[in-house]
Amino acid sequence: MAGWLTFGYKKFAHLDASMRQAIQPLHESVQKLVPLIDADTNAFSAYMAALKLPHETPEQKARREEAVEAGLMKAIEVPMSLMHAVNGCWAALEIVAAMGMKVACPMFRSV
């Protein structure tokens with residue numbers, strides 16, 4: 001948000017090059033992250049469905065246990081991919097945060 005608030009305004013022309021450098025990778029990351037919302041829901045649904053499987057007989061218990069483990073592994077894949085995607089954003093976020101502080105808080109302009 002801080003990047004888009006300064007981007008393209010004459011008042012903040014001196015920040016334009018830095019913001020352009022930072023906004024592009026952040027925008028690309030957002031495009032990758034949005035589909036993970038539905039993927040996370042779907043992955044967790046598979047785990048929840050496995051918990052509802054019958055478990056009266058030894059065969060059912062074994063099948064349920066396998067399904068629960070597979071569902072759990074699938075459910076944690078999405079948060080792990082989210083962590084990897086977000087981890088790649090730190091450099092750009094530092095640029096935006098530094099520039100945003102200068103714009104939002106006059107006392108930080110000399111920093």
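Student: Which residues of α3 are buried?

Tutor: In this predicted model, V68, G71, A75 and V78 of α3 are buried. What covers the buried residues of α3 includes α2, spanning 16-51.

Student: At what angle do the axes of α2 and α3 cross?

Tutor: The two axes come within 8 Å of each other, and their crossing angle is roughly 165°. Angles over 145 degrees count as roughly antiparallel, and α2 and α3 are therefore roughly antiparallel to each other. As for handedness, the crossing of α2 and α3 is left-handed.

Student: Now for the core. Which residues make up the largest nonpolar core?

Tutor: The general idea first: in soluble globular proteins, nonpolar side chains tend to be buried together. Here the largest nonpolar core has 10 residues in all: F12, L15, M19, A22, I23, L26, C89, A92, V96 and M99. At least two residues of this core come from each of α2 and α4 (90-104). With 4 residues, α2 gives the most to this core.

Student: What does A22 touch, not counting residues up to four places away in sequence?

Tutor: Leaving those sequence neighbours aside, A22 touches A92, I95 and V96.

Key:
Residues numbered from 1 in each chain as written. Predicted model: local features only at pLDDT ≥ 70, side-chain atom pairs only at ≥ 80, totals over all residues. Heavy atoms only, no water. Buried < 20%, exposed > 50% of the residue type's maximum accessible area, 1.4 Å probe, protein only. Contact = heavy atoms within 4.5 Å. Core = buried A, V, L, I, M, F, W, Y, C linked by side-chain atoms within 4.5 Å. Axes fitted to C-alpha atoms, helices over the stretch in contact; angles between N-to-C directions. Parallel < 35°, antiparallel > 145°, perpendicular 65-115°, else oblique. Left-handed = near helix turned anticlockwise from the far one by under 90°.
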